Amino acid sequence: MELGMIGLGRMGANMALRLHGGGVGVTGYDPGEQARAQLAGKGVAVVDGLVALLQALPSPRVLWLMVPSQVVDATLDELLPQLSPGDVVIDGGNSWYRQSQKRAARCAQAQVGFVDCGTSGGVWGLQEGYCLMIGGEGAAVQRLSPLFQALAPAPDRGWAHVGPVGAGHYCKMVHNGIEYGMMQAYAEGFALMEKKAGMDLDLAQVAELWRHGSVVRSWLLDLSADALQRNPALEGIAPYVEDSGEGRWTVSEAIELDVPAPVITLSLLERLRSRQDNSFSDRMLAAMRNEFGGHAVKTAEN
C-alpha cells in the first residue's frame with residue numbers, strides 16, 4: 001500500500017519512518033524545508049507540494065494528515081479539489097471530535113472517505129509504537145488496517161476501530177484528560193516529598209523504586225524517573241505548563257453530559273494557574289485577609 005504523509009514537524013516524520021520500516025510505501029510532504037530534508041535523509045521519498053504528493057500516489061490514494069487541528073480545514077481546502085472518489089483522508093492529529101464529524105460529512109460530498117485517528121505515543125512512538133484510536137466506516141478502516149498494524153506496538157494490539165467517525169478523536173480527548181489528572185497527581189506527590197525538611201529524600205531514587213511493584217507504576221512514572229535522574233532539582237525549567245486543548249474539550253464534554261470530572265477539571269485549572277506570574281486572584285486574597293483580619297500583606301519588594 002502507498003501512503004501520502006502530510007505533516008508539520010517531528011511527529012509526521014516519525015510516523016512516516018515507522019510506516020516505511022513496516023513495509024508500507026510512504027511519500028511525505030511538509031511545508032517546512034528542514035523537515036523535508038530530515039525525512040529525505042532517512043530514506044523516505046519526499047516531495048515539495050501537495051499536488052506533487054498526489055501525483056506520486058497510485059489511486060485510490062490514502063492521505064494521512066499530521067497537522068495541528070487549526071490547519072486541518074485549510075489543508076482540506078487544498079486537498080479536496082485534487083482528490084478523486086475512493087480516496088481516503090486520515091486525520092491523525094488532536095482534532096475536536098465534532099469538527100471531525102463535520103469534516104467527514106464534507107469529504108463524503110466529494111465521495112472521499114474520512115477516518116479520524118487519535119494518536120498517542122509522543123516522541124517515543126517511533127521506538128515504542130503508537131496507540132491508535134480509530135473512528136470511521138468499517139470498510140475504510142479494514143482497508144487501512146496494514147497501516148495501523150505497522151504503526152502499532154504489534155499487529156494485534158495498540159490499535160482498535162473504536163466506533164464511527166469522531167469516535168477516535170473522542171477517545172483521544174478523554175485519554176488526554178486522564179493524562180492531565182495523572183500528571184497532576186505525580187507532580188503534587190513529588191512536590192510534597194521535595195518540601196519535607198529533615199527527610200533528605202532522593203526523588204530520583206523514590207521514582208525508580210516505585211517503578212517496580214508499586215500500584216502507582218506507569219509509563220509516566222518511568223519518564224518522571226528519567227527526568228529526575230538527569231536533573232534532580234529540575235533546574236532551568238520554568239513553572240509554566242501549556243495545554244493542547246484536549247483537556248478543555250474533556251471538561252466541556254463532562255459539563256455537557258452532567259458527568260462529574262473534578263480531577264481532570266482541577267488539573268486543567270492548575271495548568272492555567274501555572275501561567276500567572278503575578279496572579280490578581282492571589283493578590284486579591286491577600287488584600288481581603290488584611291481587610292477582615294489585619295493580616296500582614298507582603299509587598300512586591302518583600
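Select Ile6 and look across to β4: Leu65 stands opposite Ile6 there. Strands here are DSSP E runs of at least two residues, and helices are H or I runs of at least four, both numbered from the N terminus. This is a predicted model, where local features need pLDDT of at least 70, side-chain atom pairs count only at pLDDT 80 or more, and totals for chains, interfaces and linings use all residues. Residues are numbered from 1 along each chain as its sequence is written, and side-chain values use heavy atoms, with hydrogens and water left out.

**The sheet**

Now select residues 2-7 and 62-66. These are β1 and β4, which run parallel and are joined by four bridges. Two strands pair if DSSP finds at least two bridges between them.

Widen the view to the open sheet. Eight strands make it up, in the order β3-β2-β1-β4-β5-β6-β7-β8, with mixed pairing. Which strands stand at the edges? They are β3 (45-46) and β8 (159-163); each has a single partner strand, so one side of each lacks a neighbour in the sheet.

**Ile134 in β7**

Go to residues 131-135, strand β7, and pick Ile134. Ile134 counts as buried because its relative accessibility is 0%. Buried means under 20% relative accessible area, exposed over 50%, and partly exposed in between (1.4 Å probe, protein chains only).

Show what Ile134 touches, skipping residues up to four places away in sequence: among them are Val115, Asp116, Cys117, Phe148, Trp159 and His161. Contact means heavy atoms within 4.5 Å.

Select α5 next. α5 lies across β5 and β6 (113-120), at about 150 degrees to β6. Axes are lines fitted to C-alpha atoms, for helices over the stretch in contact, and angles run from 0 to 180 degrees between N-to-C directions.

Ser95 sits in the loop between β5 (88-91) and α5 (97-109). Is Ser95 buried or exposed? Buried, because its relative accessibility is 1%. Beyond its neighbours within four places in sequence, Ser95 contacts Ser69, Val72, Ser100, Arg103, His169, Glu246 and Trp249.

**Helix α2**

Finish at residues 33-41, helix α2. Ala35, Arg36 and Leu39 are buried there. They cover an arc of only 100 degrees around the axis, which puts them on the same side of α2. The arc is that of the directions from the helix axis to the C-beta atoms. On the other side, Glu33, Gln34, Ala37 and Gly41 are exposed. Gly43 follows α2, with a positive phi near 90 degrees.
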